[in-house]
Amino acid sequence: MRQKLLHHIRELPPDSYLSLQESLLNHISSYGCGNHEKPTAILTQLCLALVDLYMQVPEWTDFIAKIFDRFSKLPNSDAFLLLNLLKIFSEEVQSPHLRVGDNRRRVVNTELAQQTSAVLQFLSHICSSNPSDVTLVSQALYCLSSWLYNPLQTPDSETELFDAACECVVSVLYRVEDVETQHALAVATLSACYAMAAAFKEVVSKDDSDKIHGYTRIFCELNESFLECMVQSPGEKLGNLDTLEMLLLPVSYADTSQWLSAKARCGIVCPVQRKY
């Protein structure tokens, strides 16, 4: 289905687009709701097909708000459906496989940005109301990581929203410091933070000092949380030394004064001294 939409969408009559969209939405809803044991690969392909269809019909607008409204009303047990959709939307917009122009990508990126506040509130609610559901919290973290990388934020809200997202990640990093009781969440958090490397390089290319500071704070907290693991089992599992590489990213892309400023800001924002 997805390959046909990517390469042969012109073979479909335009008057069938809307019914195909509704069919995909119904399949996503019926496939995912109430069943966490089905392979996520199938759900992912359905979501990708939906996004690819939407991206290639420029007459359609505000669809992201519509799916957010439709799926955000589901109970927490089915929230992973919306998490998957939000994550895939923010990633697929940038896909080089999609034969759409920059204008269409910009329109959809703007739609994403307009929903950022609602998305952050949704992710915060998921994490706070389901602290013991490692799978759901992990999905929320992956969604957050993707969302930070793609949306075209508005100047007025960009800093505030980004700071709120950083607070969310840092809160989780504090929690996973107890790796014995939060092992599964720690594994997911580590992977999600590693995925932020590309986003960090993007903000460096734009010389966005506020976001560089924010990511530096996250990378500092990441190393604080997993320091004991790296000491006890260097290079193995949670002691993966790639964590240190994340801390070195700001050094590679910022001058000395910027790096020192970021460290100082991190110390001010995160005054908690951890004991080992």
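Trainee: What should I know before I start?
Mentor: The model is predicted, so local features need pLDDT of at least 70 and side-chain atom pairs count only at pLDDT 80 or more, while totals for chains, interfaces and linings use all residues. Residues are numbered from 1 along each chain as its sequence is written, and side-chain values use heavy atoms, with hydrogens and water left out.

Trainee: Which residues touch the most other members of the largest nonpolar core?
Mentor: General idea: in soluble globular proteins, nonpolar side chains tend to be buried together. A nonpolar core is a set of buried Ala, Val, Leu, Ile, Met, Phe, Trp, Tyr and Cys residues joined through side-chain atoms within 4.5 Å; buried means under 20% relative accessible area, exposed over 50%, partly exposed in between (1.4 Å probe, protein chains only). Here the largest core has 83 residues, and Ile28, Leu53, Phe122, Ile218 and Phe226 touch the most other members. Helix H3 (residues 40-55) gives the most, 10 residues; helices are DSSP runs (H or I, at least four residues), numbered from the N terminus.

Trainee: How many salt bridges are there?
Mentor: Look for a side-chain nitrogen of Lys or Arg within 4 Å of a carboxyl oxygen of Asp or Glu. The whole structure has 3. In one of them, glutamate 22 pairs with arginine 70, with the closest N and O atoms 3.3 Å apart. Glutamate 22 sits in helix H2 (residues 17-32) and arginine 70 in helix H4 (residues 63-71), so the pair ties together parts 48 residues apart in sequence.

Trainee: Is glutamate 22 buried or partly exposed?
Mentor: Partly exposed, at 34% relative accessible area.

Definitions and conventions
Helix = DSSP H or I, 4+ residues; strand = E, 2+ residues; numbered from the N terminus.
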